Amino acid sequence: MALLEGKDLSKLFGALAAVDQVDFQIEAGEVLGLIGPNGAGKTTLVNLVTGVYPLTRGELYFEGRRIDGLKPAVIARMGIARTFQIVKPFPGMTVRENVVVGALFGKGGAQRNIKTAFEEADRWIEFVHLQDYRNASVDRINISFRKRMDLAKALAMGPTLLMLDEVMAGLNTKDIEEMMALVRRINRELKITLLVIEHVMKAVMGLCQRIIVLHHGRKIADATPQEIVQDERVIEAYLGERYAKARQRSA
Amino acid sequence: MKNKKQLLIAVLIGLGFVILPLLIEGYWIRVISSIFMYGVVTGALNIIAGFAGYAAFGNVVFFGIGAYSTAMLMLRVGFPWWGGCVIGAILAAFFAVVVGFPVLRLRGHYFAIATLGINRAVEQIALDWGSFTGGGKGITLPLPQMEIQSFYAMIYFILFGLLLVTLLTNFAIARGRLGYALRAIRDDEDAAEASGIFAPSCKVIAWAISAFITGLTGGVFAYWFSFIEPATVFDIMIAVKAFVMMMLGGAGTVMGPVLGAFLLELISETVWGQFLTIHMLILGTIVIGVVIFIPRGMLHLFRQRFSLSALIRNIKNQSI
Amino acid sequence: MQTNPIRRSEKALVLQVLLNGIFLGAIYANIAVGFSLAWGVMDVINVAHGTMIVMGSFVTFFLFKYIGIDPFLSIPFSMAVLFLIGYFAQRYLLNLVVKVGIFLSLILTFGLDLVFINAVLLIFTGDYRSVTPSYSGSNFQVGGINVPYIRLATLGICILLTGLLQLFLTRTRTGNAIRATAQNRQAAEIVGVNVARIYSVTLGVSAALAGACGSLISMVQSFTPFEGGFFIMKAFIICVLGGLGNVYGAMIGGVLLGLVETTGARILGTGFQEAISAIIMILVLIFMPKGIVGSKYK
């Protein structure tokens, strides 16, 4: 049984189908990539899974249970966490307090009191190497640190499934390497299943065992990284019809 | 409350207030009682507006509900004043829950206006339902059975006690789960929900607590003045003053709102006493000044190194 | 065919109530249009708008009583005075806090409101005033319906003002700059719009409309410096009904409210009227957040 399964998922905004009849599964323990040109529907798909948008059509299952129609907070407590494409920190709080919110209200949160929640938060702050900035106010730290804080907050929620939305965006080469190492640790040491939305190809190729490609809301490919880069439809989607045809002619 | 020294100062000040009635005369006892009352109302407002970020401009509606419940229970049913106050507070909290679920779904300005509308609607009902509430003529409560100076002293201590309760409530909320949930909601409600926070319930709970305390205060007010009418206990000015006091002291902090209440009410009372004809002018100017120069509150100002040039630079940066 | 005389007078009654509703609605619409302009363009809820209306009334009162200028002719004066007040209030006070948070400007306008009320109180005292030119109370009859001249003229002027506003916003440079800034402040700045000045003009125009409204109202009911709160509440309700920042919405919302109130008063008596309008507003906010008419004016 797949950890997360979506059947015939569709989301319409008026007449626009942001997500169009998508079927997909994520197996426990894997790192699944989700790529596609801008506007393809990747973030919308994540929003559907986390309950931010209601489905127009289709069904969603997590650990075998139906989750479409549930509130975001319920889904979060079931063990699904995410980071945001444009980081959404809590600006009025310090780094430590931001992460503690995840610890307090995520999957294991109900059992924790403030003290143990802070201990949990500290643990994750160390994991992402942010301990020097524990008490810094979030509006004072740069984007790389904010992304790591977002990650720590999501981890503090104790998720089974973690969805990263363009977590590499805006990072320089060194930061990307570090972030990739973190993501690998999350998957291998913590045994957390990952969905990675990315435009940074190095990260996608280096981290994912399998990749799904969306274009105009539809799934156009679902294969290993090596197969994906050869796939005609993917190339066409990213680089345009003319390039794809030119490539075919020269092949 | 960061260290022992601050705690000691606070306890000393508290003791000072306890002894004060012995040293001062009746007029000042009433003035300080009024200051305590605003401290409570502002502290209660802080829970929904400061922590959760929902600007309940109409929060005074709970004051009125508490006042009217206490008045009617004392007059018609013969309840003791404290019984009336508690029931009034419970009714106010209940009202907050019933109205809160739909209305707290609104954000920003819309929520603020909705609460103003709610206050207005309840005030009008109190005015128009004369047979039940006495309408525009108001309600006269049974007079207290004790010597007047002792009565005022008793009110002083009741309100002081309420103030301590409000401070403790704010403190407990700030340090606990609810506080973190509310602040997360205030900062980014969507991210808060994605973290597992049930925003609707948290907001309603916060508003209910705020309503309970405000309702209690309204009841005490009714008992204190022995006469209430819709225009006084649903007065928007109470809510606006509370808001400005909260801002002046620092919204979302524990001590800030109460400090702001003390300062502004003290100024207000002095001005009202000396400059009756221009007291609105002065109050208005103070409000404008606070908004422009101290928008994040005095507490915030004290925590940073304060300099005039930094202040002016700040204002220049934020101007259009 | 002979119409039954009782039917005829019933019909006349209904038409009279409707007409009164429209007259009231015109004034309400005027209140809301000005208020909505500031809100829609700058996200400024000008709580002092009600008192600005009252100040317009007092300008007319002053000119009528001490200089003998006809109330209708005093409208340009009240508009000019209020324009200046609004312009400077925005330029030197509100512009300082507009970027910071939505509630700061609201509270600032509360402070302004207090200052204005006190100022008017000092100059004119708190007595009830009214403006009664020689033609007050005169009317003509049409098919059994009473049409007061002043009310009719008021309706005409309200329509005229709204039309002029619309022309101003769509056909002049400044007007277009205002609309551009309303849609996207940063983009407007980039193309060279002086946002500080545009905002000041916007509040000035909003205040000018309030001033005109006050002049018209002065002939219809008596007033004190404290009437502002009543008008503001109406403005809120209408903007909520009509959708924010939407000129047409404000107009329609205003007329709607006028009709609802007059027919409501006829049926229920003036009793719970205020409570009902407040409750309607809350219900609309909850269930129809975009207002009855549509979405934000842009």
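Analyst: Let us start with one residue pair: A:Ile80 stands opposite A:Leu161 in E7(A). This is a predicted model, in which local features need pLDDT of at least 70 and side-chain atom pairs count only at pLDDT 80 or more, while totals for chains, interfaces and linings use all residues. Residues are numbered from 1 along each chain as its sequence is written, and chains are lettered from A and ligands numbered from 1 in the order in which they are written.

User: What makes E6(A) and strand E7 of chain A a pair?

Analyst: Two strands pair if DSSP finds at least two bridges between them. E6(A) and E7(A) (residues 161–165) have 3 bridges, in the parallel sense, so they meet that definition. Strands themselves are DSSP runs of E with at least two residues, while helices are runs of H or I with at least four, and both are numbered from the N terminus.

User: Why are strand E6 and strand E10 of chain A called edge strands?

Analyst: In chain A, 6 strands form an open sheet in the order E6-E7-E8-E3-E9-E10, with mixed pairing. E6(A) (80–82) and E10(A) (218–223) each pair on one side only, and that makes them the edge strands. From one strand to the next, the twist averages 20 degrees.

User: How is helix H9 of chain A placed against E10(A), and how is the angle defined?

Analyst: H9(A) (residues 232–239) lies across E9(A) (210–215) and E10(A), running at about 130 degrees to E10(A). Axes are lines fitted to C-alpha atoms, for helices over the stretch in contact, and angles run from 0 to 180 degrees between N-to-C directions.

User: What makes two residues count as "in contact"?

Analyst: Their C-beta atoms, placed from the backbone, must lie within 7 Å. By that rule, 39 residues of chain C are in contact with 37 residues of chain B. H4(C) gives the most to this side of chain C, with 14 residues.

User: How many residues on the side of chain C that touches chain B are nonpolar?

Analyst: That side has 33 nonpolar, 4 polar and 2 charged residues. Ala, Val, Leu, Ile, Met, Phe, Trp, Tyr, Cys and Pro count as nonpolar, Asp, Glu, Lys and Arg as charged, and the others, Gly among them, as polar.

User: Which chains share the most contacts, and which do not touch?

Analyst: Of the 2 pairs of chains in contact, B and C share the most contacts. Chain A and chain C do not touch, and their nearest C-alpha atoms are 14 Å apart.
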